Amino acid sequence: MVDEKMTFINLNVQQSIWSKLSQLKSNHRIANAYLFSGPRGSGKEAIALKFAAYVNCTVIDEGPCGECASCRRFRSLQHEHLILIVPMPREVKLSGNADVAALLDAIKIKAKNPFYKINLSKAKTIPISHIRKLKRDLYFKLIETGRKIVLIYDAHMLCTGDASSANAILKILEEPPNNTTFILVTDHKADLLPTILSRCQCLDFPTLKRNDVVAYLLSSGIEDYLAQFAANIAEGDMRRALALSDFGKNDILELVKTLKNLITEEHIENWRSFNQNYSRMAKINFHEFEFHLFLLQWWLKQAYFQRVGINNSDVINGMSTDLREFNANFPNADFDKINNIIEETIIAPRKNLYMPLILTNFLIGIQQSLGK
Ligand SMILES: [Zn+2]
């Protein structure tokens, strides 16, 4: 496989987790249910897919071969033993509507890019109808060879609302049909019911190593300077590193500067358009909203490091003048407080709060914390 783009099949991150998983197969000790948890962008979903392919691969090796009939079907995520469950917008019939079409499109992208996040708009729960259908499928279609793998992404969303989906799945987690393994994947382990946790073997993923992030970006055709730059900011989050690479270095530097000017200058016209634009962005593209605020938060962290004398010169390459200027102008800035304000603003859209008000408070709160 010369020059082939990395997919989950040949993905080479989280080596220590992978060696544990591959031993499970060679020792024939694959459990009924696993929980993969850890920080976002650490490769949990991708490794779960790789494991699913590996368990069903017919060639004996330390990973999925990628070439046997089973692996070939896995590569397009179209394998009869793979059942993928993700949050959906609402209780939908399970075929023939726009949400399902969007899901099928997203699965195609996921097959090519293992770090792509399947994120249907307004998907806030894993509907109980999907769990009921899963039960029927599992018990009525028994299998003779291989192993069925049920992947539940964003599994904490089983527990939204009255947690009826979580309760519905408890029984099958405990006594799944033969040759079936569940892998629940989440960034938010603490949001899962204890009754779910106690039925799963938990694997906690660490943050990705910087070298692994850079290597993956390079293998995806991203230039070296940009891969290094993105890995510096992403702090082990591959999804963020990919988003940063898509943006490009100059655009990132420019965006950070705009946001820095926004919070440090009392410019009413800029504030008004920020309020309008970002209220809209929070509504229609939450990820973009979060990404922008993350960049501001990251930049302020670098300013703090510079203030307390932590040498970070590789990382802040291209930003040091602005950082020095910020610290000279605001020697009494309360970084903790500003950081809290940004954190609260980032999660506000998920709580369906009224964004124009939140963003006004964001600007005023930061102004007050700059210690002018
Ligand atoms: Zn294979």
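This note goes through the predicted model point by point, from salt bridges to surface patches.

1. Lys117 and Glu45 join their side chains in a salt bridge, with N to O at 2.7 Å. The pair ties together distant parts of the chain, 72 residues apart. Lys117 sits in the loop between α4 and α5, and Glu45 sits in helix α2 (residues 44–56). Lys117 has 14% relative accessibility, so it counts as buried. Glu45 is buried too, because its relative accessibility is 11%. The total for the model is 15 salt bridges.

2. An α-helix has 3.6 residues a turn, so residues three or four places apart point the same way. Lys133 is partly exposed, since its relative accessibility is 30%.

3. **A pair at 3.9 Å.** Lys171 makes a salt bridge with Glu175, and the closest N and O atoms are 3.9 Å apart. The cut-off is 4 Å, so the pair qualifies. Glu175 has a relative accessible area of 48% and therefore counts as partly exposed.

4. Asp237 lies in the loop between α9 and α10. Its relative accessible area is 6%, so Asp237 is buried. Beyond neighbours within four places in sequence, Asp237 is in contact with Arg40 and Gly41.

5. **Helix α8.** This helix spans residues 210–219. Its buried residues are Asp212, Val213, Val214, Tyr216 and Leu217. They pack against α1 (15–26), α9 (224–234) and α10 (238–247). After α8 comes Gly221, with a positive phi near 90 degrees.

6. **Ile338 in α15.** Ile338 is part of helix α15 (residues 335–347). Its relative accessible area is 1%, so Ile338 is buried. Not counting residues up to four places away in sequence, Ile338 touches Leu300, Ile366, Ser369 and Leu370. For Leu370, the C-alpha separation from Ile338 is 8.0 Å, across 32 residues of chain.

7. **Pro177, a buried loop residue.** Pro177 falls in the loop between α6 (164–174) and β4 (180–186). Is Pro177 buried or exposed? At 8% relative accessibility, Pro177 is buried, because the limit is under 20%. Its contacts, leaving aside neighbours within four places in sequence, are Leu138, Tyr139 and Leu142.

8. Two residues deserve a look at their backbone angles. Most residues other than glycine have a negative phi. Gln14 has a positive phi, near 55 degrees. Gln14 lies in the segment before α1. With 6% relative accessibility, Gln14 counts as buried. Ala163 has a positive phi of about 60 degrees. Ala163 is placed in the loop between β3 (148–152) and α6. Its relative accessible area is 9%, so Ala163 is buried.

9. **The positive surface patch.** Which residues gather in a patch of positive charge on the surface? They are Lys122, Lys124, Lys283 and Arg350. Lys124 is in the loop between α4 (98–112) and α5 (128–140). At 47% relative accessibility, Lys124 is partly exposed. Patch members need over 30% relative accessible area, so Lys124 passes that threshold.

10. Tyr304 belongs to helix α13 (residues 286–307). Its relative accessible area is 37%, so Tyr304 counts as partly exposed.

Definitions and conventions: Residues numbered from 1 in each chain as written. Predicted model: local features only at pLDDT ≥ 70, side-chain atom pairs only at ≥ 80, totals over all residues. Heavy atoms only, no water. Patch = residues over 30% accessible without salt bridge, like charges linked within 9 Å, V, L, I, M, F, W, Y side chains within 5 Å. Areas by Shrake-Rupley, 256 points an atom, 1.4 Å probe, with all protein chains shown as cover. Lys, Arg positive; Asp, Glu negative; His and termini not counted. Charge placed at Lys NZ, Arg CZ, Asp CG, Glu CD. Helix = DSSP H or I, 4+ residues; strand = E, 2+ residues; numbered from the N terminus. Buried < 20%, exposed > 50% of the residue type's maximum accessible area, 1.4 Å probe, protein only. Contact = heavy atoms within 4.5 Å.
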